[in-house]
Amino acid sequence: MKLNSWRRKAALAASVILPMGLVGAGQVTQASATPIQQPGTAGTAAEPRYDLILDNGHVIDPKNNIDGVRDIAVRDGRIAAVAKSLNPKDAEQVVNARGKYVTPGIIDMHAHMFVGPANDYAAGWNSVAPDGFTFRAGVTTAVDTGSAGWENFDEFKTNVIDRSKTRVLSFLNIVGKGMAGGEREQDLENMQAEPAAEVALQHPDLIVGIKTAHYNGPEWDPVRRSVQAGEIADVPVMVDFGSDSEQRTIDQLLTQELRPGDVYTHVYSGLRRELGDDGRLNPALQAGRDRGIVYDVGHGGGSFSWDVAVQGMKENLPPDTISTDLHITSMNSGMKDMANVMSKMLTLGMSLEDVVEASTWTPAQVIQHPELGNLSVGAPADVAVFSLDRGRFGFVDSFGFRLDGKEKLTAELTLREGDVVWDLNGIAATEWKPGRDRD
C-alpha cells in the first residue's frame with residue numbers, strides 16, 4: 001500500500017526529528033545500541049547489555065522497511081538493537097520467536113474504554129477496561145474515540161488513562177458529555193468547538209483528535225464545529241457519520257467538509273451510501289481518498305459489511321487504518337478483537353505487510369505520534385509477536401454473514417515498554433521442572 005501525500009510528509013518529518021536517538025532504516029544494526037551501553041559493562045555476566053532479546057523472528061517494520069528475520073534487543077523499556085544476529089549471551093533473557101512474525105505494538109485507532117456505571121459509553125457499561133482486551137490481541141496503544149467529551153475528559157483520564165498499562169489516547173468528543181447516549185448526543189448546544197479545543201490543548205500528549213458521532217439531524221454543525229476545534233488544536237477529526245440523510249450526504253462530507261488527514265471511520269459499513277444501488281462503491285469514496293481523507297475500518301458491532309469490504313478491495317480501496325471499534329457488543333459478536341479484524345483484511349486480499357502497516361505505522365502518523373508504530377532504536381519497546389495459522393477459518397461481519405479464510409493471526413506475545421504483558425503459550429516463561437527453585 002503506497003503512502004498518500006499527507007502520509008509521505010509525516011514520514012519525512014518523523015525521519016528528520018526522531019526522539020531519543022531513533023535511527024533510519026539503513027542504521028538499524030547492532031551498532032545502533034552503542035549509545036545505550038554503560039562503559040565497561042557490556043557483555044559482562046554481572047550486567048548484561050540487554051534485558052531481553054527476541055531471537056530469530058520474522059520482523060515486519062514498515063517504517064524502517066524491514067521484512068525479514070531479525071533479532072530485537074530491549075533495554076530499559078526501549079528498543080536497543082535490531083540486527084540479523086545478536087549474541088544471546090548479551091541478554092538477561094532470550095525469547096525464541098522462530099517461525100513467528102514480530103511487529104511493532106499494534107495501534108487500535110478506534111475503541112471505547114471509558115468504562116463506568118452508566119448505561120452508555122461515557123463512564124458506561126458499553127465501554128471496556130483496556131488492559132483486559134488489548135494485550136491479548138497484540139495491541140499496546142488504543143485510542144478511545146469520543147467516549148469522553150470536553151466536560152468529562154478529566155474523569156476519563158483519572159479513572160482509565162492513568163490506571164491502564166495500555167497506552168490510552170483520545171479522540172475527544174465535540175459533545176461535552178461525550179457518548180452519553182440518546183438525546184445528549186443530539187444536543188447541538190453541547191457541541192462546542194472552543195471548549196473542546198481548549199481541553200485538547202491542555203492535554204496534547206493524550207488527546208490526538210476530535211470526534212463527532214451518532215448525530216441524526218440534517219445540520220452540518222457537528223462536523224463543522226469538530227473541524228473548527230481540530231483547526232484550533234491542530235489535530236485531525238474523526239467522523240462517525242450517524243444516520244444517512246438527504247440533506248447531509250457522504251459526498252459533501254468527503255469532498256467538501258473534511259480536510260486532508262481527517263478520518264472517515266466505518267468505511268465499510270454500507271449504512272451511509274458507501275455502496276450504490278449498482279453494487280459499486282460511491283464515487284465520493286475515491287474522491288475523498290484523492291483529497292487525502294483517511295479511511296478507517298472501525299469494525300464495531302454494526303459497521304462492517306462484506307458487501308462493501310469485498311467491493312472496496314475489488315475497486316482498489318483498501319483501508320488506511322485497521323481498527324476494532326471495541327466495546328462489549330462488538331467483541332462478543334463478529335468483530336472479536338484486533339487480530340481477528342487484521343485476519344479479515346488478509347482474507348480480503350491485503351498482504352501481511354500492508355495489514356501490519358495499517359495497524360502500526362500509518363495510525364501512528366494519523367494521530368501524530370511518530371515515536372509509536374515502529375521498532376526504531378530508541379522507540380518504546382512495544383512489540384507484538386504473532387503466529388500466522390493456516391487452515392480454514394470463518395470470519396463474521398457485523399450482519400452475521402461468514403466469509404471463510406485460509407489464514408488467521410494469533411497474538412502469541414506482547415511487550416509493553418519491554419515488559420511481557422501477554423504470553424499465550426509461555427514462550428517467555430521459564431520451563432517448570434520438578435524441584436526447581438522458585439527464586
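Reader: How many salt bridges does the count come to by this rule?

Author: The model is predicted, so local features need pLDDT of at least 70 and side-chain atom pairs count only at pLDDT 80 or more, whereas totals for chains, interfaces and linings use all residues. Residues are numbered from 1 along each chain as its sequence is written, and side-chain values use heavy atoms, with hydrogens and water left out. A salt bridge is a side-chain nitrogen of Lys or Arg within 4 Å of a carboxyl oxygen of Asp or Glu. By this rule the count comes to 19.

Reader: With which side chain does Glu151 meet in a salt bridge?

Author: Glu151 is found in the loop between strand E8 (139–149) and helix H2 (153–159); helices (H or I, at least four residues) and strands (E, at least two) are DSSP runs, numbered from the N terminus. Glu151 is partly exposed because its relative accessibility is 43%, a class lying between buried (under 20% relative accessible area) and exposed (over 50%), with a 1.4 Å probe and protein chains only. The salt bridge, at 3.8 Å from N to O, joins Glu151 to Lys177.

Reader: How many residues apart in sequence are the parts that Asp382 and Arg167 tie together?

Author: The closest N and O atoms of the salt bridge between Asp382 and Arg167 are 2.7 Å apart. Asp382 lies in the loop between helix H11 (361–366) and strand E14 (383–396) and Arg167 in strand E9, so the parts tied together are separated in sequence by 215 residues.

Reader: Are H5 and H6 roughly parallel or roughly antiparallel to each other?

Author: The axes, lines fitted to C-alpha atoms over the stretch in contact, with angles from 0 to 180 degrees between N-to-C directions, come within 9 Å for H5 (residues 250–257) and H6 (residues 283–291) and cross at roughly 15°. Angles under 35 degrees count as roughly parallel, over 145 as roughly antiparallel, 65 to 115 as roughly perpendicular and the rest as oblique. H5 and H6 are therefore roughly parallel.

Reader: Which residues of H6 make the contact with H5?

Author: Contact means heavy atoms within 4.5 Å. On the H5 side, the contact is made by Ile250, Asp251, Leu254, Thr255 and Gln256. On the H6 side, the residues are Ala284, Leu285, Ala287, Gly288 and Arg291.
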